[in-house]
Amino acid sequence: MNAQQEIKKAVETLKQGGVILYPTDTVWGIGCDATNPDAVAKIYKLKKRIESKALICLVADDRMLKRYVKKIPEAVHSIFDITEEPITIIYDDAQNLAENLIAEDKTIAIRIPDDEFCFQLCRKLNGAVVSTSANISGAPTPTSFKEISQDILKGVDYVVNLHHDKKMAKPSSIIKLSSNGVVKVIRK
């Protein structure tokens, strides 16, 4: 299958409340429709992760970001301008997402990936996609497809058949950008 067929199949799975295993701009990810609480719960269960530990989601662009964050701080554009590495930003006042995806303090971690597959996945779904590393909570993050555990491979509804031979980078940096302008580095 080519990339367009893989995107179509992945989006069909997401729209049906399924969980996908897919290549991101950083590492292999487990994803679902970020507005579907049942699908988000499946990911927590699959990763054996406590629900109070928030997940990241991907959006296609600034316009899509505005759908999920009430007020985007001005500093966000400066951060995007000065970094070339993948960066996830934690925003205050999340909205229009599954409640079990939003942290207890009403924040949400979102990344706009510089990756054509992820961009198209979000565009075709017309919404945010959960993106968490393809490992059981506490286990090492796999840097290639062959390092993904059988539990994860068997636990997802669809495995995207692209980039299986690609060595992935590292997880994104994470910055918390509060509405009051405070910036805090969470993960370098």
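Modeller: What follows is a set of questions and answers on a predicted model.

Biologist: What makes the overall dimensions of the protein chain agree with a compact globule?

Modeller: A compact globule of 188 residues would have a radius of gyration near 16 Å, and the protein chain has 15 Å, so the two agree. Along the principal axes, the C-alpha atoms fill a box of roughly 45 × 30 × 30 Å. The chain holds six helices and nine strands.

Biologist: How much of the chain counts as buried?

Modeller: Of the 188 residues, 53% count as buried. The exposed surface comes to about 9,400 Å², and carbon and sulfur atoms supply 50% of it.

Biologist: Why is isoleucine 89 called buried?

Modeller: Buried means under 20% relative accessible area. Isoleucine 89 has 0%, so the word applies. This residue is found in strand E4. Leaving out residues up to four places away in sequence, isoleucine 89 touches Val76, Ile79, Phe80, Ile108, Ala109, Ile110, Ile175 and Leu177. Its C-alpha atom is 22 Å from that of lysine 47, which is 42 residues away along the chain.

Biologist: Which residues touch the most other members of the largest nonpolar core?

Modeller: That core has 59 residues, and the ones with the most contacts to other members are Leu21, Tyr22, Ile30, Leu97, Leu101, Ile110 and Leu121. In soluble globular proteins, nonpolar side chains tend to be buried together. Beyond its neighbours within four places in sequence, leucine 21 is in contact with residues including Trp28, Ile30, Phe145, Ile148 and Leu153.

Biologist: Why is lysine 66 called exposed?

Modeller: Exposed means over 50%. The relative accessible area of lysine 66 is 55%, so this residue is exposed. Lysine 66 lies in helix H3, residues 62-68. Apart from residues up to four places away in sequence, it touches Ile72 and Gln95.

Biologist: What makes the phi of lysine 48 worth a remark?

Modeller: Its phi is near 55°, a positive value in a residue other than glycine. Most residues other than glycine have a negative phi. Lysine 48 sits in the loop between helix H2 (37-47) and strand E3 (56-58). At 61% relative accessibility, lysine 48 is over the 50% cut-off and therefore counts as exposed.

Biologist: Where is lysine 106, and what is its phi?

Modeller: Lysine 106 is in the loop between strand E4 (87-91) and strand E5 (108-111). Its phi is near 70°, again a positive value in a residue other than glycine. Its relative accessibility is 45%, so lysine 106 counts as partly exposed.

Biologist: How far apart are the mean positions of the positive and negative charges?

Modeller: For the 27 positive and 24 negative charges of the chain, the mean positions are 3 Å apart.

Definitions and conventions
Residues are numbered from 1 along each chain as its sequence is written. This is a predicted model: local features need pLDDT of at least 70, side-chain atom pairs count only at pLDDT 80 or more; totals for chains, interfaces and linings use all residues. Side-chain values use heavy atoms; hydrogens and water are left out. Helices (H or I, at least four residues) and strands (E, at least two) are DSSP runs, numbered from the N terminus. The radius of gyration is taken over C-alpha atoms; the globule rule is 2.2 Å times the number of residues to the power 0.38. Buried means under 20% relative accessible area, exposed over 50%, partly exposed in between (1.4 Å probe, protein chains only). Accessible areas come from the Shrake-Rupley method with a 1.4 Å probe; for residues, only the protein chains shown count as cover. Lys and Arg count as positive and Asp and Glu as negative; His and the chain ends are not counted. The place of a charge is taken as NZ of Lys, CZ of Arg, CG of Asp or CD of Glu. A nonpolar core is a set of buried Ala, Val, Leu, Ile, Met, Phe, Trp, Tyr and Cys residues joined through side-chain atoms within 4.5 Å. Contact means heavy atoms within 4.5 Å.
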